[in-house]
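Me: I would like a close look at a single part of this model, the surroundings of the ligand. Please keep the answer connected and plain.

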Amino acid sequence: MLLKGQTALVTGGSSGIGSAIAQAMAAAGATVAVNHRAGAERAAKLADDILKTGGSAFAIEADVSDEGAVERMFEEVINRCGRLDILVANAGLQKDASFQDMSLADWRKVIDVNLTGQFLCARAAVRQFLSQEELPHLSRARGKIICMSSVHEVIPWAGHVNYAASKGGVMMMMKSLAQEVARQRIRVNGIAPGAIRTPINKEAWESPEALEKLLKLIPYGRIGEPENVAKAAVWLASDESDYITGTSLFIDGGMTLYPGFADNG
Ligand code: NAD
């Protein structure tokens, strides 16, 4: 079990990619705090399902864009588990609009949750990693942070300027933070998924027509499943990836290979 005895906090853990990561980390032996903002029932059910399969998990409410709520969430995790080894800063949302129609409220909401939310959680995690006793038999690194980014940290996305800006910001926050805390042996990496089948992008895969259009962007020929991301997240949080920090791991079926150029020779 790659994460045996470790404690992981997964934000936005009650659905989609976060839910799959929570399950996979619990199956790998971690105690998992499943953060949710609105989905209390789903988070409680997920924690319950994990307990039934012999794992360890509990649900924990917090809006990641609220500094006080994030501080209280970390306090509760430490009160319950005694320490934190892994943060998966996964919570995120989209509020799409053409640029000329984008409201300041929608710009701010996406930046607040996707970027500032990751800043607040990563800062609390770093403070915790530095203040707690090191347990080298559990993990070689003092702590691990995984920032959920997107292929849109590098692929521009018309109609989603706030989202793409937030993910570009996540990438540079992740790399700068990784550089800053590497000497303290805290590993910080990003996962940049392509199109993964979750509620956030339902309209892109729900109908056969939309799916056909989407698949033109994916050389590997299928949409990704949350489990594809979850398996990589477990590896990235484990000692198996101990020398890796400051890296974006693209899990995108080749979307960032710019398939439009394949037949353009
Ligand atoms: P999702 O909508 O199923 O999950 C997002 C989760 O974040 C939800 O549980 C939601 O309740 C939570 N959340 C939103 N605002 C929050 C807040 N203020 N505080 C706490 N939690 C909050 O979608 P998903 O696809 O699983 O998205 C997870 C992450 O993956 C996001 O950061 C998203 O940008 C990223 N991502 C997804 C895809 C994809 O194709 N699905 C691709 C690239 C990146």
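How many residues surround the ligand, and which are the closest?

Reply: The model is predicted. In it, 28 residues surround the ligand, and the closest are Ser15, Ile17, Tyr163, Ile196 and Thr198. By type, the shell around the ligand divides into 13 nonpolar residues, 12 polar ones and three charged ones.

For serine 15, an N or O atom of the side chain is 2.7 Å from an oxygen atom of the ligand. Aspartate 63 has a polar side-chain atom 2.8 Å from a nitrogen atom of the ligand. Asparagine 201 likewise has a polar side-chain atom, here 2.9 Å from an oxygen atom of the ligand.

As for cover, the ligand taken alone exposes 820 Å², of which the protein buries 94%. Two or more residues of the shell come from each of these elements: helix 1 (16–27) and helix 5 (161–181).

Helix 3 (residues 67–81) packs against helix 4 (residues 104–131) at an angle of about 35°, and their axes are 10 Å apart. The crossing of helix 3 past helix 4 is right-handed. Helix 3 contributes Glu67, Val70, Glu71, Met73, Phe74 and Ile78 to the contact, while the residues from helix 4 include Leu120, Arg123, Ala124 and Gln128. The residues of this contact are eight nonpolar, one polar and four charged.

Notes: Residues numbered from 1 in each chain as written. Predicted model: local features only at pLDDT ≥ 70, side-chain atom pairs only at ≥ 80, totals over all residues. Heavy atoms only, no water. Axes fitted to C-alpha atoms, helices over the stretch in contact; angles between N-to-C directions. Helix = DSSP H or I, 4+ residues; strand = E, 2+ residues; numbered from the N terminus. Left-handed = near helix turned anticlockwise from the far one by under 90°. Contact = heavy atoms within 4.5 Å. Nonpolar A, V, L, I, M, F, W, Y, C, P; charged D, E, K, R; others polar. Near = heavy atom within 4 Å. Polar contact = N/O pair within 3.5 Å; in protein donor to acceptor, adjacent residues only side chain to side chain. Areas by Shrake-Rupley, 256 points an atom, 1.4 Å probe, with all protein chains shown as cover.
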